[in-house]
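Good morning, and thank you for joining this group meeting. I would ask you to look at the sequence and the structure together while I speak.

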Amino acid sequence: MEACRENGGHSSPENETPRAAISSVQRVLRLIQSDDLDSKIEAAKEIRRLTKTSQRCRRQLAQAVDPLVSMLRLLHSPYCHESALLALLNLAVQDEKNKKSIVEAGALQPIIEFLQSEDLHLQEYATAALLTLSASSSNKPIISASGAIPLLVEILRDGSSQAKFDAVMAISNLSTVADNLNILLETNPIPCLVSLLKTCKKSSKIAEKSCALIESLVSFEEGRAALISEECGVLAVVEILENGSLQSREHAVGALLTMCQSDRCKYREPILREGVIPGLLELTVQGTAKAQVKAQTLLHLLRENPHPRSELEADTLENIVCNIISQIDGDDQSGKAKKMLAEMVQVSMEQSLRHLQQRALICTPTDLSVANCASEVSLK
């Protein structure tokens, strides 16, 4: 949400003549600098209208930043806060200078307070403002130093749908600063991100950003442990790998690959248990260039048992499948071939597991060791 609010039926600044537009800007600047609160609020609403779609007006009204920030500090005036915050939000959109000016004018302190407001609308606008301001590289360390990250994670837990979306986007912006990942880890955001993955549309932007954050966080042992311990945490990532956008799927396979590369013995089985193989096979055929490489690498790690194997175990289902993949990769890139391959592997593995479960009910201790061996073969 970057200030895409209704303009209340007023004409767009693009429809005004140059002379009328200049006159509007001059009038607004006079009003915003007056001592009368009602005049200031009127000016803030007009600034919001003028800057909603006009980059030119954002430049011309840059002088309004200081008076608008001063309005944020007025006590017991929620309507004044809302009007000023929305005006600042529109001034900051696609304007790097205004983004920096707003932070330099001291807007962060009241915005941080609004994140904790019981007024859900004000909380939403504050989150949207942080999203916009955090797009500026120079603002990122200042925003993180202000204590915004833990509060944004609280928004992920308890905020409205719109606030959660903006919070994820803002955290994603801030996460590009390496030190901010350590701050983020301390807030334990994984449960919130997993919850979002479970409930959002798999191909949505919020799924993409949530999965990208998880990929960054599992670079740390604390992040990996949190994902594994969260109920259906790995499964949520696998579902994005299967049904997300191309970019989301790249982040999902990247997260799983990072885990497996960090400690294959520890993470191989939890990843396999969530039925990741069909999605990975599909990704090796249809995915971004990076996703294809990552999927092939992860398949290799999942296929190979980290413990010594017998010669018999070398001829596993996945070894055969990898040969098929290489042929499809070279000769047939069609979605139909990819789908058939994934379905074949899934059905085969399900049948093998059902067969093993039935045998486990009646097998002798000797049979059990054979069954365990067969299970190991079916999962490699």
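I begin with asparagine 188, which is placed in the loop between helix H12 (178-186) and H13; helices here (H or I, at least four residues) and strands (E, at least two) are DSSP runs, numbered from the N terminus. Please bear in mind that this is a predicted model, in which local features need pLDDT of at least 70, side-chain atom pairs count only at pLDDT 80 or more, and totals for chains, interfaces and linings use all residues. Residues are numbered from 1 along each chain as its sequence is written, and side-chain values use heavy atoms, with hydrogens and water left out.

Asparagine 188 has a relative accessible area of 38% and is partly exposed, because buried means under 20% relative accessible area, exposed over 50%, and partly exposed in between (1.4 Å probe, protein chains only). Apart from neighbours within four places in sequence, asparagine 188 is in contact with Arg157 and Ala226, where contact means heavy atoms within 4.5 Å. Its C-alpha atom is separated by 8.4 Å from that of valine 153, 35 residues apart along the chain.

Let me turn to the protein as a whole. It has 23 helices and 0 strands, and 50% of its 380 residues count as buried. Of the contacts with a separation of 6 or more, 71% are between residues 24 or more positions apart.

Helix H16 (residues 233-243) has Gly233, Val234, Ala236, Val237, Val238, Ile240 and Leu241 as buried residues. These pack against several helices, including helix H13 (190-199), helix H14 (205-217) and H17.

Helix H17 (residues 246-262) holds glutamate 250. What is the nearest side chain of opposite charge to glutamate 250? It is lysine 294, 4.6 Å away, and the buried glutamate 250 has no salt bridge; a salt bridge is a side-chain nitrogen of Lys or Arg within 4 Å of a carboxyl oxygen of Asp or Glu. Leaving aside neighbours within four places in sequence, the contacts of glutamate 250 are Glu215, Thr288, Lys290, Ala291 and Lys294.

Finally, the lining of the largest cavity includes Leu85, Ile102, Ala129 and Thr132; a cavity is a set of points on a 1 Å grid over the protein atoms alone where a 1.4 Å probe fits but cannot get out, and lining residues have an atom within 4 Å of a point. Helix H5 (78-92) and helix H8 (120-133) each give two or more residues to that lining, and H5 provides the largest share, 4 residues.

How values were computed: Lys, Arg positive; Asp, Glu negative; His and termini not counted. 1 Å grid on protein atoms, 1.4 Å probe; cavity = no way out; pocket = protein on both sides within 12 Å on 5 of 7 lines; lining within 4 Å.
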